[in-house]
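Work through the following exercises with the sequence and the model side by side. Each task is followed by a solution that goes step by step.

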Amino acid sequence: FFLGIPPPRSGHAMVYDPQRQRIVLLGGRQTVPQEDRLFNHLTDTWEYDGTIWTRIETIKSPEPRSTF
């Protein structure tokens, strides 16, 4: 795992896991610098415990996705 802050994104999915009391962030898209209309689709997964963001390594990530 990796502690830090997820990079800026849009079109991501975010849910709350009440059993583990964590917010889970998945995917989305990031604008490619210098190319205003192109996007990188992200496959990363992050958890937030109310204090610290942690990047979670998953065994199998879903395909890159966003709302578009």
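## Exercise 1: Salt bridges

Arg9 and Asp44 form a salt bridge in which the closest N and O atoms are 2.8 Å apart, a salt bridge being a side-chain nitrogen of Lys or Arg within 4 Å of a carboxyl oxygen of Asp or Glu. This is a predicted model, in which local features need pLDDT of at least 70 and side-chain atom pairs count only at pLDDT 80 or more, while totals for chains, interfaces and linings use all residues. Residues are numbered from 1 along each chain as its sequence is written, and side-chain values use heavy atoms, with hydrogens and water left out.

**Solution.** 

Step 1. Strands (E, at least two residues) and helices (H or I, at least four) are DSSP runs, numbered from the N terminus.

Step 2. Arg9 and Asp44 are both buried, where buried means under 20% relative accessible area, exposed means over 50%, and partly exposed lies in between (1.4 Å probe, protein chains only).

Step 3. Besides the pair already placed, Asp17 forms a salt bridge with Arg20, with the closest N and O atoms 3.4 Å apart, and Arg20 forms another with Glu47, where the corresponding distance is 2.8 Å. In this last pair, Arg20 in the loop between strand 2 and strand 3 is joined to Glu47 in strand 4, 27 residues away, which again links distant parts of the chain.

Step 4. As a general point, side chains of opposite charge can pair when their charged atoms come close.

## Exercise 2: The surroundings of Glu47

**Task.** Decide whether Glu47 is buried or exposed, and list what Glu47 touches.

**Solution.** 

Step 1. Glu47 lies in strand 4, which spans residues 35-48.

Step 2. Glu47 counts as buried because its relative accessibility is 13%; Arg20, by contrast, is partly exposed because its relative accessible area is 40%.

Step 3. Not counting residues up to four places away in sequence, Glu47 touches Arg20, Arg22, Ile23, Val24, Ile52, Trp53, Thr54 and Ile56, a contact being heavy atoms within 4.5 Å.

Step 4. The C-alpha atoms of Glu47 and Val15 are separated by 9.7 Å, although these residues are 32 residues apart along the chain.

## Exercise 3: The hairpin and its turn

**Solution.** 

Step 1. Strand 2 and strand 3 run antiparallel and are joined by five bridges; two strands pair if DSSP finds at least two bridges between them.

Step 2. Ile23 lies in strand 3 (residues 22-32), and Ile23 is the bridge partner of Tyr16. Ile23 is partly exposed because its relative accessibility is 26%. Leaving aside neighbours within four places in sequence, the contacts of Ile23 are Met14, Val15, Tyr16, Trp46, Glu47 and Tyr48.

Step 3. The two strands form a hairpin with four residues between them, and Gln21 in the turn has a positive phi of about 55 degrees. Gln21 is not a glycine, and Gln21 is exposed because its relative accessible area is 53%. Most residues other than glycine have a negative phi.

## Exercise 4: The whole chain

**Task.** What are the elements of the protein chain, and what percentage of its residues is buried?

**Solution.** 

Step 1. The protein chain has zero helices and five strands, and from the N terminus on its elements run β-β-β-β-β.

Step 2. Of the 68 residues in the protein chain, 25% are buried.

Step 3. Among contacts with a separation of 6 or more, 37% are accounted for by residues 24 or more positions apart.
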